[in-house]
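This report describes a single protein chain from its fold down to individual side chains. Please keep the sequence and the model in view while reading.

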Amino acid sequence: MSRPTPPAPPLHPTLLRLDRLAAHLATDDHVLAVLGLGSAGQETHRFDEHSDIDFFVVVDSASAQDGYLQDPGWLAGFGGAVAYSFVNDPHGRKALFADGLFVEYAVFTSDQLAALPVVGARVVWSRDGHDPLTSSPAPARPTAVDTVDFHRDEALTNLYVGLHRELRGERLTAMRFIQVYAVDRVLALVRLDPASRLDHPDHFESTRRIERADLPTDLPLHRMVPGYEHNVDAARAVLDWLTTHHVTHPVMTRAVLRLLDEHEQT
């Protein structure tokens, strides 16, 4: 006998404001649906006092879309006053309310939404109960370069380029190659490890909740990302992790080690 599914936990009080907005927009016949995303989407249990509200509004025509994009006055449906907003995308804005609520939204026609690979969305409200997500394409499959070999070798070459730029005195770009690009590749290797247990992995941002992941190997992020003035130490930490947990190409590994030695001598 199967056990009954436990009831879903109640929504966070702040997240209920999205329902309030949906009820406000439902009075406009041009609005077809309101969708929550991220922690306002299917994973509402993650929503807390530090969360913002990401959402889509789906409308029935390009003219209705233009109206909602040009005049954000309808955000009053959340309750409270908008203290700041700006256009951050051709389809939407970010906005901060006077009471601290932060939102990010986009407005799409139903045809535009159907062309998007929407992941983890929740239908907050839809007209006549229609699910606007049924026609969305499946999320893109990993490309041929989403492999252990690619991410390992890309990380090595990121270290190589970054250390050369550090020697040239271009410290900021060196920091990005070593402490951002190469570390991103390390996180991709962690994701591809079947023994890794990630906490609600984000399809678009690999750094999310990595601190709460259950990993089969040590991941010394404090050494990999020590800051602007410590690029050489960061490169050494990333290289140590790569060579400990993966078989790296000897030619590229030696090239990075030579650069580390050169830094030691300067």
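## Basis of the description

This is a predicted model, in which local features need pLDDT of at least 70 and side-chain atom pairs count only at pLDDT 80 or more, while totals for chains, interfaces and linings use all residues. Residues are numbered from 1 along each chain as its sequence is written, and side-chain values use heavy atoms, with hydrogens and water left out.

## Overall architecture

The secondary structure of the protein chain comes to eight helices and six strands, where helices (H or I, at least four residues) and strands (E, at least two) are DSSP runs numbered from the N terminus. Read from the N terminus on, the elements follow the order α-β-β-α-β-β-β-α-β-α-α-α-α-α.

Of the 266 residues, 38% count as buried; buried stands for under 20% relative accessible area, exposed for over 50%, and partly exposed for the range in between, with a 1.4 Å probe and protein chains only. The chain exposes about 14,900 Å², of which carbon and sulfur atoms supply 53%, the areas coming from the Shrake-Rupley method with a 1.4 Å probe, and for residues only the protein chains shown count as cover. Among contacts (heavy atoms within 4.5 Å) between residues at least 6 apart in sequence, 59% join residues at least 24 apart.

## Nonpolar cores

In soluble globular proteins, nonpolar side chains tend to be buried together. A nonpolar core is here a set of buried Ala, Val, Leu, Ile, Met, Phe, Trp, Tyr and Cys residues joined through side-chain atoms within 4.5 Å. The largest such core has 26 residues, and those with the most contacts inside it are Leu-18, Ile-53, Phe-55, Trp-74, Phe-78 and Val-103. At least two residues of this core are supplied by each of H1, S1, S2, H2, S4 and S5. A second, separate core has 24 residues, among them Leu-187, Leu-239, Val-256 and Leu-260.

In helix H2 (residues 62–70), the buried residues are Ala-64, Gln-65, Tyr-68 and Leu-69. These residues lie on the same side of H2, because they cover an arc of only 130° around the axis, the arc being that of the directions from the helix axis to the C-beta atoms. Ser-63 and Gln-70, on the other side of H2, are exposed. The cover over the buried residues of H2 includes helix H1 (16–25), strand S1 (31–37), strand S2 (53–59), strand S4 (92–97), strand S5 (102–109) and helix H3 (110–114).

Another joins Arg-168 and Glu-170 at 2.5 Å, N to O, where Arg-168 is exposed at 59% and Glu-170 is partly exposed at 32%. Asp-149, Arg-152 and Asp-153 are linked in a network of salt bridges.

Glu-166, which is found in helix H4 (residues 148–168), is buried, with a relative accessible area of 12%. Its salt-bridge partner is Arg-171, with the closest N and O atoms 3.4 Å apart, and Arg-171 is partly exposed at 31%. Not counting residues up to four places away in sequence, Glu-166 touches Arg-171, Ala-174, Asn-231, Val-232 and His-263.

Val-82 belongs to strand S3 (residues 82–89) and is partly exposed at 38% relative accessibility. The C-alpha atoms of Val-82 and Ala-98 are separated by 6.0 Å, although the two residues are 16 apart along the chain. Beyond its neighbours within four places in sequence, Val-82 is in contact with Leu-75, Ala-95, Leu-96 and Phe-97.

Ser-126 belongs to strand S6 (residues 122–126) and is buried, with a relative accessible area of 11%. The side chain of Ser-126 reaches the backbone oxygen of His-130 at 2.6 Å. Leaving aside its neighbours within four places in sequence, Ser-126 is in contact with Leu-32, Ala-33 and Pro-132.

Note on methods:
Salt bridge = Lys/Arg side-chain N within 4 Å of Asp/Glu carboxyl O. Polar contact = N/O pair within 3.5 Å; in protein donor to acceptor, adjacent residues only side chain to side chain.
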